[in-house]
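Take a moment to look over the sequence and the fold.

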Amino acid sequence: MTTPPPALLIAGHGTRDDAGAEAFRGLLRELGHRHPGLPVVGGFVGPSRPSLGEAVDELAERGVRRFAVVPLTSEPTGRAERDVTAALALVRERHPAISYTCGRPPGPHPALLNLLERRTEEALGSPAPRTPGDRADVTVLLVGHGSTDPGANAEVHRAARLLWEGRGYAGVETAFVSLAAPDVPSGLDRCVKLGARRIVVLPYFPLTGGPADRVRQQTEGWAAARPEIDVRSADVIGPEPELLDLVVERYREALEGDPHMNRDAYDRSAHGGTPPGVENASGLPRQPRVHPDDDGQQGHDHHQWGHAHSHAH
């Protein structure tokens with residue numbers, strides 16, 4: 001009998017938004033359809049259901065003892081990683097036989113940048129393909145969740161810089177839904193001050209839900225007061241094949257000990273952080289920080305994908 005591979009556990013950011021929760025479940029279903037031999041489950045960090053612990057309970061009931069965790073919406077440092085590690089440490093008290101490894105989040109990977117570019121072009125309603133010269137009058141406002149962690153906010157700036165490189169846009173600026181400046185209206189104001197007359201507001205979120213809805217509402221409110229500016233709202237990345245394939249790539253990296261991932265873990269350890277899947281230096285599991293789930297309202301940190309880097313152009 002063939003031994004099943006280690007399971008894939010997707011760690012999502014908790015949400016009380018029905019659309020966001022259903023989008024997360026839909027992503028899990030699609031991953032299962034694309035990889036029928038791979039056990040796929042998902043859980044949320046925080047108070048939302050199912051929790052990461054409940055997802056691991058499900059795996060244990062199915063006899064799964066090994067799995068790799070791929071965070072869907074968090075960067076490899078900061079609160080999100082700590083919460084995932086803490087939640088799984090508590091789960092091991094119930095299931096001491098399990099073993100797991102934590103992988104990197106999806107991006108900003110070239111495949112995701114191409115998806116962001118596609119969403120921008122869809123918002124413009126422009127026929128493809130377009131050349132860089134066709135985009136010289138288009139400014140993109142890339143919007144992240146926002147966090148009290150400067151390193152997490154830097155992820156959005158890095159993605160903005162990578163999206164701008166070689167694509168011919170007039171500029172790619174950044175804004176945040178909450179907890180960080182500038183907010184969406186202020187980001188739009190900045191674009192205009194820089195000379196923008198055509199702006200695409202692009203949410204840097206993998207799935208739909210409350211934060212993406214708020215970005216659209218804030219954009220529409222600003223645009224109604226500035227009819228002379230052409231402002232378009234782009235869709236979220238969504239559970240596209242490229243995103244699903246990238247999640248599985250991160251799963252395989254985690255199992256194979258990808259050198260790039262190991263370097264990240266070393267860098268975090270050297271700066272006082274904890275490598276993925278490892279409890280704190282005392283050997284005691286971290287306790288998760290319980291916080292209200294408000295989809296990005298004040299008092300709730302959110303984190304982005306990738307590595308910290310500043311944006312400039």
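Two strands count as paired if DSSP finds at least two bridges between them. Keep in mind that this is a predicted model. Now look at strand β5, residues 138-144, and strand β7. They pair in the parallel sense over six bridges. One of the links joins Val143 to its bridge partner in β7, Pro203.

β7 has another partner. Strand β8, residues 230-233, pairs with β7 in the parallel sense over four bridges. Here Val200 has Arg232 in β8 as its bridge partner. How does the chain cross from β7 to β8? The path runs through helix α7, residues 210-225, and this β-α-β crossover is right-handed.

Is β7 mostly covered or mostly open? Mostly covered: six of the six residues in 198-203 are buried. Arg198, Val200 and Leu202 point one way from the strand. Ile199, Val201 and Pro203 point the other way. Both sets are buried.

Why does Thr120 count as buried? Its relative accessibility is 0%, and buried means under 20%.

Next, the rings. The whole structure holds two aromatic pairs. Phe24 and Phe44 form a tilted pair, 4.5 Å centre to centre, with 35 degrees between the planes. Phe24 lies in helix α1 (residues 18-34) and Phe44 in strand β2 (residues 40-45), so this pair ties together parts 20 residues apart in sequence. Phe24 is at 3% relative accessibility, so it counts as buried. Phe44 is also buried, because its value is 3%.

Phe67 and Tyr100 form a stacked pair, 5.5 Å centre to centre, with 10 degrees between the planes. This pair links distant parts of the chain: Phe67 is in strand β3 (residues 66-71) and Tyr100 in strand β4 (residues 99-102), 33 residues apart. Phe67 is buried, with a relative accessible area of 2%. Tyr100 is at 13%, so it counts as buried too.

Last, the backbone. Most residues other than glycine have a negative phi, and most peptide bonds are trans. Leu179 is not a glycine, yet it has a positive phi of about 70 degrees. The peptide bond from Ala181 to Pro182 is cis, with omega near 0 degrees. Where are these residues? Leu179 sits in the loop between β6 and α6. Pro182 is placed in the loop between β6 (171-176) and α6 (184-193).

Technical notes: Residues are numbered from 1 along each chain as its sequence is written. This is a predicted model: local features need pLDDT of at least 70, side-chain atom pairs count only at pLDDT 80 or more; totals for chains, interfaces and linings use all residues. Side-chain values use heavy atoms; hydrogens and water are left out. Buried means under 20% relative accessible area, exposed over 50%, partly exposed in between (1.4 Å probe, protein chains only). Helices (H or I, at least four residues) and strands (E, at least two) are DSSP runs, numbered from the N terminus. A crossover is right-handed if, with the strands pointing away from the viewer, the path from the first strand over the helix to the second runs clockwise. Rings of Phe, Tyr and Trp (its six-membered ring) pair if their centres lie within 6.5 Å; planes under 30 degrees apart count as stacked, over 60 as edge-to-face and the rest as tilted.
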